[in-house]
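Here is a short briefing on one structure. Read it alongside the sequence and the coordinates.

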There are 2 protein chains.
Amino acid sequence: MANADTIFKQFREHSVAEFFRKNRQMLGFAGKTRSLTTIVHEYVTNSLDACEEGVILPDIEVKIEELEGDRCRVVVSDNGPGIPPKLVGKALGMMLAGTKFHRYMQQRGQQGIGATGCTMFAQITTGKPVHIKTGTGTGKIYECDLAVDLKTNRPVPANEKNYDGDFRGLVVEGEFGEAKYDKGEYGVSEYIKRTALANPHAQISFTGPGAEKVVFPRASDKIPPKAEEILPHPLGISTHELVDMAHHSEDRKLTSFLTNNFSRVSSAKIEELRSLMPNFDIDKKPGELQWAEAEEMTKAFQKMKWISPSTDALRPIGKDQIEKALLNILNPEFMYVGDRRPKVFRGGVPFMVEAAIAHGGNSGRRTAEGAVGGSIIRYANRAPLLFDAGGCAITEAANAIDWNRYEMRDFDAMPITVFVNFVSVHVPYTGAGKQAISDEDEILDEIKLAVMECCREVQLHLRGKARVGEREAKKKAIMRYVEQLAKDLAELSGKGKAEDIQKKLVELVEGKYKKHIEEASLEEIAGEAAAAEHAASGENGSDEE
Amino acid sequence: MANADTIFKQFREHSVAEFFRKNRQMLGFAGKTRSLTTIVHEYVTNSLDACEEGVILPDIEVKIEELEGDRCRVVVSDNGPGIPPKLVGKALGMMLAGTKFHRYMQQRGQQGIGATGCTMFAQITTGKPVHIKTGTGTGKIYECDLAVDLKTNRPVPANEKNYDGDFRGLVVEGEFGEAKYDKGEYGVSEYIKRTALANPHAQISFTGPGAEKVVFPRASDKIPPKAEEILPHPLGISTHELVDMAHHSEDRKLTSFLTNNFSRVSSAKIEELRSLMPNFDIDKKPGELQWAEAEEMTKAFQKMKWISPSTDALRPIGKDQIEKALLNILNPEFMYVGDRRPKVFRGGVPFMVEAAIAHGGNSGRRTAEGAVGGSIIRYANRAPLLFDAGGCAITEAANAIDWNRYEMRDFDAMPITVFVNFVSVHVPYTGAGKQAISDEDEILDEIKLAVMECCREVQLHLRGKARVGEREAKKKAIMRYVEQLAKDLAELSGKGKAEDIQKKLVELVEGKYKKHIEEASLEEIAGEAAAAEHAASGENGSDEE
């Protein structure tokens with residue numbers, strides 16, 4: 001029998017970078033097409049976030065070159081605020097480091113893993129570092145080759161250069177193996193198109209292999225308002241978070257800790273809390289808050305009436321902006337952009353669903369054979385979600401909709417794009433790959449309602465179209481009839497020219513058509529036409545009588 | 001405009017524990033039932049692995065008590081080798097630390113996250129540490145309360161006690177919130193039943209809430225052979241791993257590095273490699289191996305003929321053991337356990353698929369209403385996979401089988417259990433929750449073949465059953481006919497007793513039935529019976545003639 005000491009001789013600690021090297025599929029590095037899209041996604045997302053923080057209208061360029069042996073060179077450059085040289089290593093070569101993880105505000109990136117994951121992926125598939133160039137607009141430029149020491153999760157910069165020059169932004173260039181460029185639904189160009197759709201303030205240009213170039217011009221010069229850090233709402237806080245925050249607080253009393261660190265906590269609310277917890281000393285130091293007390297407090301929070309959490313921190317794209325983007329990129333025949341109020345999930349996390357449906361034009365998806373079909377495009381905080389559609393609340397909500405009811409029985413063969421953007425300070429992703437939103441009830445319901453609102457408008461449009469179509473068909477049928485009738489009448493009566501008769505009949509039909517062609521049947525119109533002819537012939541005398 | 005320095009003022013580093021606190025769903029802590037099952041899974045898996053390493057027949061006890069407010073107390077105890085006191089904290093209170101992560105051998109646990117994840121979950125849902133008691137069989141016992149410092153991913157032990165006593169093993173006791181006991185398909189009792197099925201050498205007892213107690217007795221006293229660390233096969237190595245290994249090697253030459261660190265690399269193979277890479281100095285120091293050279297080398301490996309990787313490190317359950325377990329727990333009417341050879345995926349990773357199908361008895365699953373249905377139970381290295389069935393290669397392979405062909409048209413309503421155990425040193429899980437196997441082609445194909453082998457045997461059994469069923473029905477019909485015929489004949493002839501005639505007829509039918517009842521039609525038998533009666537009556541004289 002082996003004893004514990006022998007067994008535990010091999011005990012070691014590992015770095016998070018090693019963990020994700022072994023589990024790279026968790027970061028989206030699974031499959032050649034997906035890996036390449038993941039790389040572009042991580043860099044473009046970072047660029048958009050950085051521009052937003054810097055209050056800059058983004059200008060982003062993505063270049064992809066295919067090399068031999070399933071390798072691609074990717075270059076992403078932006079005009080963002082840049083990264084201070086001393087932090088470049090940590091920002092792009094160290095996992096779980098960054099500005100975003102701990103802040104309660106709405107951003108695309110959340111975890112400080114993505115860009116470093118790309119650096120790691122370059123390393124393990126080509127052995128090469130990525131190349132970084134950045135300037136913060138101060139006349140200094142910094143460049144380096146960057147790798148991650150996977151054993152320690154520390155950045156390893158090399159060939160560092162500091163020189164003078166006029167550049168603000170970030171350029172990342174890397175060579176990645178096990179990566180393939182694909183023009184399909186999961187490929188880079190679709191990803192960029194979708195990004196452009198949700199970011200009308202950004203100019204994004206894409207140069208693919210074979211010099212194929214697409215530019216998605218800026219549809220709006222309005223810089224989206226900067227995301228704000230907000231205080232958590234008492235209803236959204238768990239006992240654990242409350243204790244954790246209290247024990248790290250520098251406030252002198254629990255009362256001030258609560259009013260300073262939570263939204264909607266007024267002194268009146270503090271008094272209400274005091275009356276709900278009469279045996280508890282609410283004036284004690286935050287550091288002394290016990291779990292049981294915190295638990296009682298979160299329960300008391302649930303019993304109190306609160307003003308809903310502030311939705312100031314939510315940064316929707318906005319109805320106007322979505323309209324501009326849809327027009328700009330899909331040029332649809334009809335579109336409707338919904339307009340919903342923010343909601344709350346888990347009691348205290350504000351979120352909002354922006355939904356739109358575009359019909360006709362370049363809406364929908366196209367297969368390689370050119371067939372058109374309905375397409376559901378998903379976003380979380382404006383970042384497109386391309387993969388894991390099956391496990392996503394947006395797909396689930398869309399599948400729960402009875403499309404037949406809304407004249408979209410043939411959804412899968414119609415030129416329709418359903419656009420859904422989930423906006424929240426905290427997006428409950430189902431995995432580190434950040435490609436699907438968890439199907440919590442409040443979220444599912446709200447997405448469904450938002451899409452159905454658009455469906456109703458599309459239904460009216462499609463019904464209208466159907467009606468116009470029917471009218472046109474009727475009119476055509478009548479016109480053919482009119483021509484024949486005019487000829488016959490002219491011949492029979494021997495009086496009046498066919499053209500004159502026809503002209504009168506047409507006028508009659510047109511007038512009738514405008515007024516109530518819907519109700520009028522072909523027979524009625526024919527009857528009236530005959531009567532008109534009768535009157536006309538009566539005027540000139542008639543052989544028939 | 002905000003500049004880079006302002007933006008990056010908030011730059012911070014975070015711990016992996018903080019990451020998984022925010023992304024606990026990635027560890028399986030999503031939903032109350034699943035969270036509880038995850039806790040039991042992590043502890044039981046650790047116990048089984050520890051016993052295997054200690055070459056001990058496992059005796060595992062799981063107790064669950066329901067407390068107020070969706071809380072459960074869980075106690076898991078084993079008779080394993082125990083943990084040396086100085087490592088208890090790191091083993092159960094620090095993520096990415098352990099004995100398993102870096103070793104190339106087959107174990108249930110792989111990542112050094114699970115048990116610490118449970119400690120974290122107790123903390124964030126109840127504020128309480130878990131309690132640990134362990135002895136390594138040396139007459140000393142160690143106990144402590146253990147928490148994780150989430151900010152630093154360091155263990156925080158408290159109330160440590162060291163005392164004398166006779167105990168070997170590990171007892172973990174914790175109180176967990178947001179957890180619920182459920183008797184269904186995803187609950188703890190189903191999980192334990194499945195674990196027992198795949199571990200016939202383990203005795204597992206389970207005491208649920210309400211004193212409900214189930215014991216799965218040991219079905220076999222054979223301790224599974226200890227898993228072994230194996231050397232990687234040249235075909236399974238990536239350029240990155242090759243460089244990484246070479247740069248950490250203490251061998252003096254690349255040649256010895258290759259023969260010492262890889263399986264199947266003989267001096268003859270080294271010479272072959274030398275001839276394939278004539279411009280390359282294969283005698284240089286491993287630390288000097290360049291990426292391009294390593295890449296050329298991995299390409300050369302692909303061109304060479306290799307003996308397949310050793311499958312010695314694979315630890316299947318074994319045909320006999322699976323049979324014993326199925327009999328013990330499902331008591332089926334029929335079962336077939338396949339017997340497949342090990343295979344290789346990604347060129348160099350050995351794996352093996354053990355499949356079995358049981359029919360009748362307690363096979364299949366039962367709904368709350370008592371309805372029976374076919375059930376596919378999935379394992380990876382003997383650990384049951386309860387969740388994420390949709391994304392798993394085993395489910396995908398099973399869905400690709402045409403069950404109709406094998407007389408299992410009504411699979412969903414039949415008492416059938418399909419058992420699949422995926423055995424490998426490296427299980428390609430789709431996520432950190434370790435609930436689904438990635439659908440790589442070689443894996444999919446092999447699972448399908450393994451299950452189909454069982455299907456064919458089940459088909460024969462079911463056909464046989466159907467035939468027996470048909471025969472029985474025929475026989476019954478004939479027997480009813482015989483009785484009536486005997487009476488009629490006795491009455492008509494007035495000679496012979498009905499009983500005697502019937503006896504003769506029955507003998508005739510039984511004989512006939514044994515020989516070729518399948519071919520014989522009711523009419524034929526009736527005809528023969530009449531002839532027999534004729535003969536019998538002739539013997540005694542007959543009124544009819």
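A residue counts as buried if 20 or more other C-beta atoms lie within 10 Å of its own, as exposed if 12 or fewer do, and as partly exposed in between; C-beta atoms are placed from the backbone. By that rule A:Phe301 is buried, because 23 C-beta neighbours lie inside 10 Å.

This is a predicted model: local features need pLDDT of at least 70, side-chain atom pairs count only at pLDDT 80 or more, and totals for chains, interfaces and linings use all residues. Residues are numbered from 1 along each chain as its sequence is written, while chains are lettered from A and ligands numbered from 1 in the order in which they are written.

**Chain A overall**

- Chain A holds 15 helices and 18 strands. Helices (H or I, at least four residues) and strands (E, at least two) are DSSP runs, numbered from the N terminus.
- Chain A has 545 residues, and 46% of them count as buried.
- Take the contacts in chain A between residues at least 6 apart in sequence: 73% join residues at least 24 apart. A contact requires C-beta atoms, placed from the backbone, within 7 Å.

**A:Phe301**

- A:Phe301 sits in helix H10 (residues 291-303) of chain A.
- Setting aside residues up to four places away in sequence, A:Phe301 touches A:Pro234 and A:Leu235.
- A:Ser205 is 96 residues from A:Phe301 in sequence, and 49 Å away in space, C-alpha to C-alpha.

**The sheet of chain A**

- In chain A, 8 strands form an open sheet with mixed pairing, in the order E7-E6-E5-E8-E3-E2-E9-E10. Two strands pair if DSSP finds at least two bridges between them.
- Strand E7 (154-164) and strand E10 (213-216) of chain A are at the edges; each has a single partner strand, so one side of each lacks a neighbour in the sheet.
- From one strand to the next, the twist averages 10 degrees. Axes are lines fitted to C-alpha atoms, for helices over the stretch in contact, and angles run from 0 to 180 degrees between N-to-C directions.
- Strand E2 (residues 59-67) and strand E3 (residues 71-78) of chain A run antiparallel, joined by 7 bridges. A:Glu65 has A:Arg73 in E3(A) as its bridge partner.
- Helix H3 (residues 32-54) of chain A packs on this sheet and touches E2, E3 and strand E8 (168-176) of chain A; its direction makes about 10 degrees with that of E3(A).
- E3(A) and E8(A) also run antiparallel, over 7 bridges. Here A:Val76 stands opposite A:Val172 in E8(A).
- E5(A) pairs with E8(A) in the antiparallel sense over 6 bridges. A:Thr136 has A:Arg168 in E8(A) as its bridge partner.
- Helix H4 (residues 85-93) of chain A lies across strand E5 (130-136), strand E6 (140-149) and E7 of chain A, at about 35 degrees to E6(A).

**The sheet of chain B**

- In chain B, 8 strands form an open sheet in the order E7-E6-E5-E8-E3-E2-E9-E10, with mixed pairing.
- Its edge strands are strand E7 (154-164) and strand E10 (213-216) of chain B, each pairing on one side only.
- Strand E5 (residues 130-136) and strand E6 (residues 140-149) of chain B run antiparallel, joined by 6 bridges. B:Ile132 stands opposite B:Cys144 in E6(B).
- E9(B) and E10(B) pair in the antiparallel sense over 4 bridges. B:Ile204 stands opposite B:Phe216 in E10(B).
- The hairpin of E9(B) and E10(B) has 5 residues between the strands, and B:Gly210 there takes a positive phi near 70 degrees.
- Helix H6 (residues 188-198) of chain B lies across strand E2 (59-67), strand E9 (203-207) and E10 of chain B, at about 170 degrees to E9(B).

**Nonpolar core**

- The largest nonpolar core has 236 residues, and A:Ala356 and B:Ala356 have the most contacts inside it. Such a core is a set of buried Ala, Val, Leu, Ile, Met, Phe, Trp, Tyr and Cys residues joined through C-beta atoms within 7 Å.
- Beyond its neighbours within four places in sequence, B:Ala356 contacts several residues, among them B:Ile322, B:Leu326, B:Phe419 and B:Cys454.

Technical notes. Two residues are in contact if their C-beta atoms, placed from the backbone, lie within 7 Å.
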